[in-house]
Amino acid sequence: MTLEDMARELVAAALGAGARDADAVVAESDGLGVGVRLREVEKVKRARQRRAGLRVFVGDSTAIASTADLTAEGLDTLARDACTLARSTAPDPHAGLPEAADLARDWPDLDLHDPALEALDPAQPLEWTREAEAAALDAAPEITNSEGSEFSSSVGQVTYASSLGFAGGYRGSHASLAVVPVATRDGAMQRDAWFTAHRKLAGLESPVSVGAEAARRTLRRLGARRAPTRDCPVVFDPESAATLLRHLAGAVAGPALYRRMSFLLGRLGEQVAASAVTVVDDPLLPAAPGSRPFDGEGVAQRRRTVVERGVLTTYLLDSYSARRLGLRPTGHASRGVGDVPSAGPTNFFVEPGPHAPEAIVASVREGLYVTELIGFGVNLVTGDYSRGAVGLWIENGELAYPVEEITIAGNLNDMLRDIEMVGNDLRLRTSLASPTLKIARMTVAGT
Amino acid sequence: MRRPTGQQRRLAVWRLRRAFATLVTMEVAGVERFFCERFGLTNAGLERVLGSALERHADYADLYFEFRVIQTASLEEGVVKHATRTLDQGVGVRVLAGARSGYAYSDEVSLERLEIAAGTARLIAEERGGTEALTAPATGRPRHDLYRLARPPVDTPLAEQTALLLRLDAVARAVDPAISNVLVGIGIEHRVVLMMTSGGVVVGDVRPLVRLNVTCIAERDGVRQQGTYGGGGRFAFGTLTDGRAERFAREAARQALVNLDAVDAPAGPMTVVLGPGWPGILLHEAIGHGLEGDFNRKRVSAFTDRIGTRVASELCTVVDDGTLPGRRGSLNVDDEGTPTGRTVLIERGILRGYLQDRLNATLMGMPLTGNGRRESFAHLPMPRMTNTFMLAGEEAPEDIIRSVDRGLYAVSFGGGQVDITNGRFVFSASEAYLIEGGKVGAPVKGATLIGNGPDVLTRITRVGSDLQLDEGIGTCGKDGQSVPVGVGLPTVRIDGLTVGGTQA
């Protein structure tokens with residue numbers, strides 16, 4: 001039985017067990033992970049998983065069940081369990097599948113799958129991790145240790161079927177290679193990391209370049225000191241700027257809005273960011289990490305500008321939150337096999353601006369260049385923001401020395417409005433991505 | 001659906017007959033029989049798989065079977081909107097050879113799949129030249145029975161759960177008309193695991209886990225804030241309904257209301273007083289991760305080579321204890337079959353020990369501590385914390401606050417994170433107050449606190465007599481794996497921690 005047949009049969013079984021409507025997700029993936037550390041093989045891991053999830057609507061009540069037991073008996077139990085659960089939840093007039101008119105009818109081949117990743121022999125990626133780690137270890141005598149280099153890949157398939165008659169599926173693959181070197185100076189250790197990721201093997205950067213970049217990033221952290229407490233401009237490198245996009249995506253996601261848990265509630269059509277900022281969500285980019293032909297409810301996909309020159313133009317909505325807000329779904333239902341559908345971005349990025357990253361740093365007389373953020377100090381209800389930061393101190397337009405054990409704080413409302421410069425260095429390595437961003441003023445706490 | 005009801009809900013040690021050493025108690029067999037029946041496996045077949053995993057130069061092999069049901073129910077906007085039920089099952093085969101791990105897992109469980117997995121896992125052994133096989137020193141620890149229950153909490157009728165959800169919604173809203181939305185979630189887990197090792201140990205464990213979370217949104221004069229509270233553990237669902245759940249709901253509402261009045265937090269170094277209980281997340285981030293065996297074996301931890309040295313003030317004794325009955329972070333055995341224990345990490349300021357799994361204990365020649373944990377059958381074990389806390393001191397908590405002229409009093413936290421290698425850690429306050437002239441003053445907005453692990457506990461100048469463990473809400477993430485943990489702390493005063501607010 002194909003996965004698509006299985007999804008269809010689950011929907012039929014749910015209707016047979018008393019559901020008014022139902023939809024099913026069946027997913028399978030095969031994974032490979034290998035790692036070396038200090039030039040020796042450290043691990044080889046292989047994975048295989050197949051799961052089925054079913055959402056049922058019994059009257060206006062809903063429930064979800066999922067299982068790894070894909071035997072006929074297991075699937076039958078799944079349908080009955082889901083319907084039994086739904087009889088215990090409360091009716092909700094907004095519950096239900098999307099409108100048939102919003103479903104994807106046909107879709108392009110988005111080139112998401114690489115057959116070369118299907119039959120990968122562990123010996124090959126082990127060689128790449130060896131090369132990548134060696135490039136880092138050999139970069140400088142101060143690279144004294146390593147947490148290793150890892151390659152991981154997965155190939156899989158997702159299928160979706162619903163009682164609206166929709167049935168479809170797509171294959172996808174993913175591969176990544178990472179290196180984590182450790183450097184020592186005067187008895188103090190620092191680590192950093194670099195990685196390459198792509199849906200296709202041929203899209204990965206060379207192992208040697210990944211190792212060399214990991215070493216460069218680690219070495220520049222040696223001798224880090226603390227910075228004085230003060231207000232100053234903060235430049236986010238592309239990696240740390242992408243974390244700001246994650247907060248933005250969370251604040252414009254339907255469930256956060258109808259629950260009144262977002263600082264961007266009621267701000268549609270308003271200027272929420274500096275006019276230099278345009279944010280796009282594009283699920284249809286060929287071979288991109290967050291691309292998909294339809295969302296977790298079968299809804300059609302299209303490119304949307306979420307923030308256009310600072311103005312919030314759309315939320316990210318699944319069908320439930322759309323109905324709650326009196327809006328149309330935008331095709332952003334995100335869904336694990338057994339989870340309640342939520343809403344989230346696909347390929348979500350800040351459009352590149354006119355400035356070279358060097359020019360952005362050069363524009364700062366005294367401030368912070370952030371390369372890593374840690375911790376959870378973001379309150380999306382209020383926008384209050386306070387996180388641990390690592391980076392380089394900028395003096396007279398130049399990266400002067402590394403800094404650590406500092407925090408940066410502000411409010412996301414102000415931070416988005418204070419984005420003064422947008423870099424031209426966007427790369428869509430991960431589904432959330434940004435070029436370098438400069439925020440005019442935040443509070444740095446250190447000494 | 002077949003459920004493991006009527007099984008032995010206790011630690012089971014069973015005998016592998018042929019080639020393996022024997023450890024026998026015969027009341028056993030429940031867990032092991034459950035898996036054999038569910039997947040049509042036989043003892044002889046499993047022995048063959050272990051034998052095949054050990055071919056060539058492997059030191060050790062194990063099988064990890066898992067069956068898990070998770071039931072959730074959630075309420076928002078006054079109605080029970082969602083219920084989910086998830087069934088997971090699978091098996092992982094691991095082979096160790098020196099510092100190498102080979103691992104293969106599948107959620108399709110059959111002898112054929114197991115043979116294929118064993119073939120993959122032993123690839124790492126075949127890569128290695130012949131050296132002496134290493135073995136971990138045996139542990140002399142007793143076995144425990146920390147969470148045996150008459151009825152698995154996952155079998156709690158949904159009607160009982162939805163009734164509690166509705167009651168908590170009412171309790172939270174009754175606190176104040178400013179409470180505009182209440183979200184409550186119940187999660188109940190029933191996990192059955194079976195571990196079979198090439199050392200001849202066969203151990204089963206049935207692990208219940210109950211969790212309840214309440215989030216309240218408060219709105220007043222155009223200001224919106226949230227408060228979150230919750231708890232749980234490895235206990236019966238009824239343990240929540242003895243008034244504890246209502247207390248969680250009132251606490252979440254209270255925290256949301258307090259935050260409505262919060263002023264901007266200060267920025268810069270200052271004296272910080274941490275309240276008892278969940279602020280123990282300080283220990284988890286500042287020292288706990290840095291004392292995990294893998295980072296120290298690899299010499300990438302800020303605590304590498306520091307056993308026997310002073311890393312905290314004399315007032316500080318910190319332990320990791322997986323044997324506390326019913327606690328979220330507790331386990332009868334870790335995920336390698338080693339009984340959990342109580343490990344002293346810091347004794348009166350001196351670093352005493354690391355947390356170990358089998359691989360790292362073996363390579364470091366140190367004893368197993370029962371901290372080899374994994375998120376599921378789909379993951380390799382790693383050294384992880386269980387319940388990590390500081391022992392009580394002698395001061396009254398009020399006196400500690402009174403001793404501070406100007407500082408921050410933080411009583412609740414969101415999450416934390418640490419960079420193991422340079423020791424820098426953060427944890428983010430979600431309820432905190434200014435201290436002025438020895439008195440608790442205005443509430444401040446959430447702020448991240450940042451410090452340096454090997455340094456921060458040396459700045460502890462007062463330790464309260466009020467040790468509390470957290471309510472049972474912690475989940476620790478490491479290397480992509482999440483496991484439930486606990487923390488605990490008495491009230492402590494830290495002289496000089498950087499507060500990441502906006503008032504420079």
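This is a predicted model: local features need pLDDT of at least 70, side-chain atom pairs count only at pLDDT 80 or more; totals for chains, interfaces and linings use all residues.
Residues are numbered from 1 along each chain as its sequence is written, and chains are lettered from A in the order in which they are written. Local features need pLDDT of at least 70 and side-chain atom pairs count only at pLDDT 80 or more, whereas totals for chains, interfaces and linings use all residues.

Contacts (C-beta atoms, placed from the backbone, within 7 Å) link 62 residues of chain A with 69 residues of chain B. Strand β2 (residues 40–58) of chain A supplies the largest share of the chain A side, eleven residues; strands are DSSP runs (E, at least two residues), numbered from the N terminus. That side has 20 nonpolar (Ala, Val, Leu, Ile, Met, Phe, Trp, Tyr, Cys and Pro), 20 charged (Asp, Glu, Lys and Arg) and 22 polar residues (the others, Gly among them).

The largest nonpolar core has 290 residues. Such a core is a set of buried Ala, Val, Leu, Ile, Met, Phe, Trp, Tyr and Cys residues joined through C-beta atoms within 7 Å, buried meaning that 20 or more other C-beta atoms lie within 10 Å of a residue's own. Among the members that touch the most others are A:L10 and B:A172. Strand β5 (residues 179–197) of chain B gives the largest share, eleven residues.

In strand β14 (residues 387–390) of chain B, B:N387 and B:F389 on one side and B:T388 and B:M390 on the other are all buried. Three antiparallel bridges pair β14(B) with strand β9 (residues 318–321) of chain B, pairing requiring at least two DSSP bridges. B:D320 stands opposite B:T388.

Methods
A residue is buried if 20 or more other C-beta atoms lie within 10 Å of its own, exposed if 12 or fewer, and partly exposed in between; C-beta atoms are placed from the backbone. Helices (H or I, at least four residues) and strands (E, at least two) are DSSP runs, numbered from the N terminus. Two residues are in contact if their C-beta atoms, placed from the backbone, lie within 7 Å.
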